[in-house]
Every structure is written in structure tokens, then in C-alpha cells.
Amino acid sequence: MTKILMVCLGNICRSPLAQGILETYLPKELFYVDSAGTAAYHIGKQPDYRSIATAKDHNIDISHQSARQFNAKDFDTFDYIYVMDSSNYNNISHLAKSDKDLKKVSLILDQNPNLQLKDVPDPYYGDRSDFNHVYNVLNSTCQIIAKKLKAS
Ligand code: 4NP
């Protein structure tokens, strides 16, 4: 089983969407996808209602997800850790215990050569168009990631 973790700040906007999208492109018998936040603000909460609605527009149900905080043990559990932005990268890299841990972490948009963008913009203080933009950026990137993972 290959295990993939999506990470953002709050685990209520971007990474739950990334998890829900990637799950649709991978067979669940072979791949486990989860998400977490670097901050503790929203532990136990459902994804933001705007992320739930955006996912639903694309027939993806993320309403069952529950926010949790990233933990150093996640380095042992997961094979690939995709962070949404460079601030998440800094937070996670400080928790890495080894080079092996650190090598698992990458900026998710580094997987997508078709985008100039480096960071998935934080839509928390935005509106539904910002969430749609996040969806589009994550959807095109998750397709590339899934293709690579299935080929490896
Ligand atoms: P996320 O968005 O990291 O994509 O889940 C945010 C969620 C909550 C906050 C910031 C960003 N917050 O400040 O509470």
C-alpha cells in the first residue's frame, strides 16, 4: 500500500480538497490518501463548507473528513507528503528527524510543470471563486501525481 499525505495549515480548506481529488484518481486497494494541518486550530472539524461545496460541484464528497494536526510520526507512516505552500514546507521540515523524512516532503505544485504557481493560494479569507481556483490547480496536479504513482 502506498500512502500519501496532503498537508496545509488548517486542514480544512486546501488539503481536504487535495485528498478528495487524489482519491478519485487512485485505486483504494493500492493507495491510501490522508490529509493533515500544521496548526491545531481546527482539530476535529469538518472541512470548510466552501471546500465541501466546491468538491460536491465535481461529485466528490469530502464531508466525512475530520481535521487533524500533522505529527512527526506521519513521516514513518507516509511515503509521500505533499505540502500546499512554502510555509507548510518550513513547518514540516522542522519536524523531520532525518534526511529520509525530509526527502518525503515536497511542494505539491512542483509536480506540475504546466503551472507557474509555486504555492496553492490559501482561500480561507477568499470567496467561492478562490476555492474554484484551488480546485482547478489541485485537480490538474493530482492527475499528474496519480499518473506517476500508478506507473511507479
Ligand atoms: P487551509 O486554510 O490551510 O487550506 O486549511 C486555512 C484554514 C484556516 C486558517 C487559515 C488557513 N485559519 O487561520 O484559521
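The buried residues of helix α1 (buried: under 20% relative accessible area, 1.4 Å probe, protein chains only) pack against β1 (2-8), β2 (31-37), α2 (49-57) and α6 (128-151). Contact here means heavy atoms within 4.5 Å. Helices (H or I, at least four residues) and strands (E, at least two) are DSSP runs, numbered from the N terminus. The model is predicted: local features need pLDDT of at least 70, side-chain atom pairs count only at pLDDT 80 or more, and totals for chains, interfaces and linings use all residues. Residues are numbered from 1 along each chain as its sequence is written, and side-chain values use heavy atoms, with hydrogens and water left out.

Nine of the twelve residues of α1 are buried, so the helix is largely enclosed by the rest of the structure. Among them are R14, Q19 and L22. Helix α1 covers residues 14-25 and reaches 17 Å from its first C-alpha to its last.

Not counting residues up to four places away in sequence, I108 touches M6, Y82, V83, M84, V120, L138, T141 and I145.

K3 lies in strand β1. The C-alpha atoms of K3 and T77 are separated by 7.3 Å, although the two are 74 residues apart along the chain.

Methods: The expected span of a helix is 1.5 Å times one less than its number of residues. Buried means under 20% relative accessible area, exposed over 50%, partly exposed in between (1.4 Å probe, protein chains only).
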